[in-house]
Amino acid sequence: MASIPSPTQAVWHLGPLPVRAYALCIVAGIFVCVALTLRRWRARGGRDEDVWDVAFWAIIFGIIGGRLYHVITDGEKYFGSGRHPIDALKIWDGGLGIWGAVAMGVLGAWIGCRRKGIRLTAFADATAPGLAFAQGIGRWGNWFNNELFGGPTSVPWKLQIHCFDTVAGHAVDCGTGSTVQGYYQPTFLYESVWDIALGFALIWAARRWTLGRGNEFALYAMGYAAGRAWIEALRSDFAHEFLGVRLNDWTAIVVFLGALVWFIRHRAEPDESLYTRPRDSETGPGDGEPGVDESEPEPVDRNDARSSAASGEAEG
């Protein structure tokens, strides 16, 4: 039977150090995002150190936000009878909510941009395609963990899923003499392809039209939310619901509408400068310092000086 195989191993040990495929996929996505943002920021007249400084804050806050969203929306996995709350800190076992990661990542980027005198919307626009690519790459961590798949299916591209111990990082016997649990919709693949296509679409849109004021980031938010909505409908994993609709779908609706409002309000505005304060041509301003060069006095017009002197003599 034609199918997409899933790995039976997601953790490898280098001596006592466990190397998890999930973490490697997340790191690879972050690397691609930073590399592409560096290239786009540089092309717009920005400096490489700006990206590194802001990325530090965005990545730290993004990871914290992603984990918080996951723990809050799936609290039954960590709290209650027979559960171990300390497991909520074990991010290496998987579990990052993209909505929380993006929201807190933006907060972290705002802190970094404010410290450097960078306009947040300009930085967000430069980062948007890289974020989409990072999400597309990160989804392969779910493939290694045999998780977040859709309902049973018999389509030729069905995904083979194993009974899997995520903590141990390997497939286990299902009790039938086989590790194969069944064949399901490969929703991780759908989302990965959607995200990567979205990244290329954003790059094309930025070349085709004059965007700015956060509009490219708004397009990213709308594009991701639209894709997540239909992919979420295919998933079979447990999720909290409100009015019969999965929580992540409600989040996607709110994000899409918010981004749409932003785009409509700012679509006619011209592009903006990258910085909120002047930058010295060689070193730029320090953190919290104005970038005004006061090393040279204003030139004096000699003719005006002579006229002033003559006027003074006449009055004397």
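Arg-44 comes out as partly exposed, at 35% relative accessibility, where buried means under 20% relative accessible area, exposed over 50% and partly exposed in between, with a 1.4 Å probe and protein chains only. This is a predicted model, in which local features need pLDDT of at least 70 and side-chain atom pairs count only at pLDDT 80 or more, while totals for chains, interfaces and linings use all residues. Residues are numbered from 1 along each chain as its sequence is written, and side-chain values use heavy atoms, with hydrogens and water left out.

The side chain of Arg-44 meets that of Glu-216 in a salt bridge at 3.2 Å, N to O, a salt bridge being a side-chain nitrogen of Lys or Arg within 4 Å of a carboxyl oxygen of Asp or Glu. Because Glu-216 lies in helix H7 (residues 215–232) and Arg-44 in the loop between H1 and helix H2 (48–73), the pair ties together parts that are 172 residues apart in sequence; helices here are DSSP runs of H or I, at least four residues, and strands are runs of E, at least two, numbered from the N terminus. Glu-216, at 2% relative accessibility, counts as buried.

Turning to a second pair, Asp-53 forms a salt bridge with Lys-116, with the closest N and O atoms 3.1 Å apart. Asp-53 sits in helix H2 and Lys-116 in helix H3 (residues 98–116), so this pair links parts 63 residues apart in sequence. Asp-53 is partly exposed at 33%, whereas Lys-116, at 15% relative accessibility, is buried.

Over the whole structure, the search finds eight salt bridges.
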